[in-house]
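Trainee: Please take me through one part of this model closely. I would like to look at the interface between the two chains.

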Amino acid sequence: MEPFDHASALEGCARGDVAALRRLYDHEAGFLLAVALRIVRRRELAADVLHDAVIDIWERAGTFDRSRGVGRAWITSIVRHRALKHVRAAGRETDLDPAAGAEIADDAPDPFAALAASQDGVRLHGCLALLDPDRRRVILLAYVDGLSQSEIADRLGTPLGTVKAWVRRSLIALKDCLS
Amino acid sequence: MIPSEPEDRDVLAGEYVLGLLDSDAAAEVERALGSDADLARRVAFWEERLLPASAALGTTAVDSEQWVRIERDLATRRQVLGRTTALPPARPRHAMVSAAWRNPALWRATTALATAAAILLAILPNRVSAPAESQTRYFAILQSRDATGQEGGPGWLIQIAQNGTVRSLPLSDVQPGSGRSLQLWTLWDQARGPVSLGVLPPGGAIRLPPERLEAIGDGQLFEITLEPAAGSPIGRPTGRILFIGRAQGAATQAL
């Protein structure tokens, strides 16, 4: 992938330059839609999330500070929060019902396996590999699939208190490894 | 409560980024981020280090209609907010002033008009949006604006005659580039948004018949944006603003 200057595009947005937003959109919409779709699981909803997130990016670009963060992480975070807001507000139980047919259930890639193959994912993959498989799954179910702690507890058949303890210990171990 | 121990702060930041906090706790973190730079750094750490797990998902095909929707929404928002409010609050003014100094005649004209407009606005504050049948003659000196949004001095003159004929005169040589055009817009009704007066011909000088201009009044916004060769496809400005300024009532003498 050719390098794209996210920070400059965001600074353009902050100045009211729609062309800068368009450049950012052309470069990242497909990725951001994939992030949203993985969490909300329905194309129509994911498109709504992407729409709202792009408007958010436009309106909040003035608060982005390149000295304090990476542009791509910043926009991804906006999309994830939008998507999470969507699923938490809607109450997702029905969407997670296999019979309700989550659109991506069948071909959803395993993020841990995909990380091993991706260029910039080697380090995260290595650190996640140090965690017990269940604890690794907890982190990825939360981050990639956007599941809440109680949804994770249901999914893994593990008590909620145990999930919470795993999250804490996994984060401390990851911080140490990724720093 | 936001903890003070580094390890607890890392865990809180991580749970926030993972999306595991309930809405009250997440809102508390968001409020704290504005003033707590250390917490903001810890949040950015997780956002950046976990990003490859998202990136590994690849991409999904985006419907081409999606951008059209976004653009429409942005146009509506800009109308509601008013175009000029989208600018950063601290716009460096020295660039405009120094450019104006290099153009003393324009500088004098701009200053005189600005002063006249200020007096007019002070006397007649309710006439900012004048009725369409106004008999007054107007000028708008549009300030050029570069790609960074900074104003670079007077760049375009719009003259509106007594009968509503609009003349557009560039004050400098402007080439939109191949496949692009310059499009002239005016805004008199925030609810309706910018209305196109047409794509400008090469060179930019044009004389528009009176019926083209539906309304004219003091303070009415004129702007020229960079658009596709055939003009904006959505009837709203899509490209960046190259020149922008407001109409001001002129003296009754001829130019």
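Mentor: Glu7(B) and Arg168(A) join their side chains in a salt bridge, N to O at 3.6 Å. The term means a side-chain nitrogen of Lys or Arg within 4 Å of a carboxyl oxygen of Asp or Glu. Four salt bridges are found by this rule across the interface of chain B and chain A. Keep in mind that this is a predicted model: local features need pLDDT of at least 70, side-chain atom pairs count only at pLDDT 80 or more, and totals for chains, interfaces and linings use all residues. Residues are numbered from 1 along each chain as its sequence is written, chains are lettered from A and ligands numbered from 1 in the order in which they are written, and side-chain values use heavy atoms, with hydrogens and water left out.

Now the wider contact (heavy atoms within 4.5 Å). Chain B gives 50 residues and chain A gives 61 residues. The buried area is about 5000 Å², with 66% from carbon and sulfur atoms. That area is the accessible area (1.4 Å probe) that two parts lose on being put together, summed over both. In chain B, Leu18(B), Leu57(B) and Trp67(B) lose the most area to chain A. Together they make up 14% of what that side buries.

Next, the elements. On the side of chain B that touches chain A, α1 (6–18), α3 (37–55) and α4 (65–81) of chain B each give two or more residues. Helices here are DSSP runs (H or I, at least four residues), numbered from the N terminus. The largest share, 14 residues, comes from α3(B).
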